[in-house]
Amino acid sequence: MIKGIVIGFILAIAISVGCVFIYFSAGMAPVATADAPMPFEKKFANMALDAHIEKQHIPPSPVPADEPNFLAGAGVYKQHCAVCHGLPGQIPVDYATTMFPKPPQLFRGKGVTDDPIILLRRNPTGQQLYQSMHVGE
Ligand code: HEC
């Protein structure tokens, strides 16, 4: 009885690994830029990214969350980030529409945010942006 369960279990694992191997080796995996993402791809990628950032133990931003710093940050954003991540009311430039993966449009409905100021709302100190610049991700 136990022996049968163990053999069945090993067989199930071997068949699953075989199916995954065939899925990739037979070219069924969506790899073209126009393909839809793999099932659960976004979820797993975000889980891995969040876990990776968490493990970096990045200290809190040393930059105080005050008006002058927000204004200076907006200047940095306009100069270095807006070309891809957009500005309010701006028609997305070619970068935003042709890159793969697409840069999230931070002032448009979907992407990082469902709200133009979500980055600040989700994290009033701009910690996410700080981490992203610090870790480079
Ligand atoms: C040349 C284009 C480009 C520029 C310039 C750029 N980014 Fe990005 N950014 C991207 C792309 C593309 C992604 C999406 C990467 C992905 O999905 O794997 C991204 C992702 C991000 C994310 C992750 C959003 C999320 O889903 O959590 C943040 C935060 C970010 N960028 C911040 C910045 C900041 C801050 C700057 C300026 C200092 C900047 N980016 C400049 C292209 C750019």
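## Contacts along the chain

Let's start with who touches whom. Take the contacts in the protein chain with a separation of 6 or more: 31% of them are between residues 24 or more positions apart. Keep in mind that this is a predicted model.

## The overall build

What is the chain made of? It has seven helices and zero strands. Reading from the N terminus, the elements go α-α-α-α-α-α-α.

The protein chain has 137 residues, and 1% of them count as buried.

## A look at Pro88

Now let's zoom in on one residue. Pro88 sits in the loop between α4 (82-85) and α5 (94-98). Is Pro88 buried or exposed? Pro88 counts as exposed because it has 9 C-beta neighbours inside 10 Å, and the cut-off for exposed is 12 or fewer.

The mean pLDDT of the protein chain is 79, with 79% of its residues at 70 or more. Which helix has the highest confidence, and which the lowest? Helix α1 (residues 2-25) comes out highest, at a mean of 95, while helix α6 (residues 118-122) is lowest, at 50.

Residues 121-125 have pLDDT under 50 throughout. The model still gives this stretch seven contacts beyond four places in sequence.

Notes. Residues are numbered from 1 along each chain as its sequence is written. This is a predicted model: local features need pLDDT of at least 70, side-chain atom pairs count only at pLDDT 80 or more; totals for chains, interfaces and linings use all residues. Helices (H or I, at least four residues) and strands (E, at least two) are DSSP runs, numbered from the N terminus. A residue is buried if 20 or more other C-beta atoms lie within 10 Å of its own, exposed if 12 or fewer, and partly exposed in between; C-beta atoms are placed from the backbone. Two residues are in contact if their C-beta atoms, placed from the backbone, lie within 7 Å. pLDDT is the predictor's confidence in each residue, from 0 to 100.
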